[in-house]
Amino acid sequence: MSDDRKLTYAQAFNEAVSQMMEADPDVFCAGEDIGAFGGVFGTFAGLQAKFGEKRVVDTPISEQAIVGLGVGASVTGLRPIVDLMFMDFICVAFDQIVNQAAKLKYMFGGDATLPMTITTAGGGGLSAAAQHSQSLEALLCHIPGLKVVMPSNPYDMKGLMISCIKENNPTVMIKHKRLLGMSAPVPTEAYGIPLGKGNIIRPGKDVTIVAYARMANEAIIAAKELAEEGIDCEIIDPRTLQPLDTDLIVDSAKKTNRVVVAQEAVRFGGLGAEIASQIQELAFDYLDAPVSRIGAPFSPVPFSPALESHYIPDAKSIVKGVRDVMARR
Amino acid sequence: MDFSSAKQFDLHRRMVRIRLFEEAAGRLAESNKLPGFLHLYVGEEAVASGVCGALNDDDHITSTHRGHGHLVAKGGDFNRMMAELMGKSTGYCKGKGGSMHISDTSLGMLGANGIVGAGSPIAVGAAFANKYRGKGQVAVAFFGDGSTNIGAFHEAANMACALHLPIVFACENNEYGEFTPRDKTMAITDVVDRAAGYGMPGVIVDGMDVIAVHEAAVEAVERARQGGGPSMIEAKTYRFYNHHGVQNLGLKYRSDEEVAIWKQRDPIFTFEDRMIENGVATRANFDDIWAELRADIETAIQFAEDSPYPTPDQIMVNVYTSMTGAN
């Protein structure tokens, strides 16, 4: 099989699930509309036809019970993939995610293993308004016991999803809705990308841009424009946000001495704040400028395209952020 | 149903084990030897015992904040339970969980739970896994009357029925949600009225009568095991002590007269009288059983007191299956 075979981000997710279901009979999927319909974003398309209703289960619209199904089934030996249609709906299921899934192992003194993956779709850009567009990853990263993954491209999606399914801890796989149609070469074989290992998307020497999910792609666009100005950007995609590849980020900061962190989420209290703090603790003497954070304003996600296009950070905001950081002497 | 004398002694023993464990825990709490909250199961012993007496070792249960009785009834080890209540490293949870998270997954006991209503969705997951494996295991969700007012319970009951899972919803209706009487928090008298709304059968049993509970449990568990789907048992029962702690009389939200009436129906003493009356047992039999189990409790207290506390280097252990998540 040619290495040039292309899959979309959505197809890469689907292939990861399919290959893991073939490999392990204990893997099953449950969620709203994922059966015959294939999920509202088509990410589960064809899986019920292939694996049957026993292993690809349409559930009621009951997010607490969906996650509870994953908790109970995983602690008794299965390997569930439970889907929450939109990331905003984690709020409906938060007790089962935060107080149950994340803590059972610890509270039981180690006498529990929860190899479950919660999949969901985050991010804005579809005029889906304030309850269907959020980037709530920071809430999840704050909870000991969870692992949190946000891929930025089809290759990473497949490798990270396979690792999530194989992982023996509860993981949350956050698909970005605006990346679902992104197409790129994806190997046919089942491969894993280790959780907690970031990726240098573009090496550079002048400034580090730390960006994940859709923002990593915006950073690539920004880096091209900045290269024309003679600014050589290094782009780091952490890929996994919990555990975070702090070493990779700090090493890059020590090399370039300037860092911009870009996130789609509201800036205040976000991952960017944590990353900036880690850098100043571990590489303070190397910095030529304060670590800069790009993020959304402190408001709910607005509906109108006229507002949302200004609300969500993009390549332009990253370019501006880098220029500001480069201007510091 | 007629139950053998061996089964009757088995159910009795489960109840006495719970009573003795809880009374001992209460005494220890009074002398400030137990950290944290304590929700005693005394008075409700017939429910956990009657239900767990109908289960196999590889069946699963989820529990509540009032969970010691469920673990004892499923076969929990006194030593490890008492050590956990004291926060010792030899406890069931190595001192990480305490009273409200006591568990033994090897006995299928998937944890007491500090969040009201949260156990039922987990029981649904266990029931799903049991159906998926097809080995005839069932799951039981123990829950209180108060937890049927929270959304998680409703989602769990509906999903269990929609997916036709092998599960029994075992309601311990003790007439109070914490410190508020049931009639102030729901407009129905019988929780089991809710079962029909999900499409499952439900029965009311006298929760102070271990044989009545056991009979209903045998039928419900067998239905689940044979693929007949979920059902609900509502056991009318009463906790002799306060919502938490060891006070039982002089409480603002219930009368001492009410407590006295329920105590006359003590599930253990009334059952002993019946067993003697029916010629199944003698008072001497019971004296021996109580003495034997009292000795077990004394051993457990000694074990727990002699056990070391966990060391601070254990704080970060078991957050994850490996330690890769820490940073």
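Two strands are said to pair if DSSP finds at least two bridges between them. In this predicted model, strand S6 (residues 147-149) and strand S7 (residues 171-176) of chain A are joined by three bridges and run in the parallel sense. Within this pairing, Lys147(A) has Thr171(A) of S7(A) as its bridge partner. Strands of a sheet pair through backbone hydrogen bonds, in either a parallel or an antiparallel manner.

Both strands belong to an open sheet of seven strands in chain A, with the order S3-S2-S4-S5-S7-S6-S12 and mixed pairing. Strand S3 (56-58) and strand S12 (240-242) of chain A form the edges, each pairing on one side only. From one strand to the next, the twist averages 20°.

The contact between the two chains involves 41 residues of chain A and 36 residues of chain B. On the chain A side, two or more residues are given by each of helix H3 (63-75), helix H4 (94-101) and helix H5 (104-107). H3(A) provides the largest share, with nine residues. Sorted by class, the side of chain A that touches chain B contains 16 nonpolar, 20 polar and five charged residues.

The largest nonpolar core comprises 201 residues. The residues with the most contacts inside this core are Ile209(A), Ala219(A) and Val322(A), together with Val124(B), Val140(B), Ile167(B) and Ala170(B). Domain 1 (6-185) and domain 2 (199-327) of chain A each supply at least three residues to the core. When residues up to four places away in sequence are not counted, Val140(B) touches Val51(B), Leu55(B), Ile61(B), Ala123(B), Val168(B) and Ala170(B).

Terms used. Residues are numbered from 1 along each chain as its sequence is written. Chains are lettered from A and ligands numbered from 1 in the order in which they are written. This is a predicted model: local features need pLDDT of at least 70, side-chain atom pairs count only at pLDDT 80 or more; totals for chains, interfaces and linings use all residues. Two residues are in contact if their C-beta atoms, placed from the backbone, lie within 7 Å. Helices (H or I, at least four residues) and strands (E, at least two) are DSSP runs, numbered from the N terminus. Ala, Val, Leu, Ile, Met, Phe, Trp, Tyr, Cys and Pro count as nonpolar, Asp, Glu, Lys and Arg as charged, and the others, Gly among them, as polar. Axes are lines fitted to C-alpha atoms, for helices over the stretch in contact, and angles run from 0 to 180 degrees between N-to-C directions. A nonpolar core is a set of buried Ala, Val, Leu, Ile, Met, Phe, Trp, Tyr and Cys residues joined through C-beta atoms within 7 Å. A residue is buried if 20 or more other C-beta atoms lie within 10 Å of its own, exposed if 12 or fewer, and partly exposed in between; C-beta atoms are placed from the backbone. Domain bounds come from an automatic or database domain assignment.
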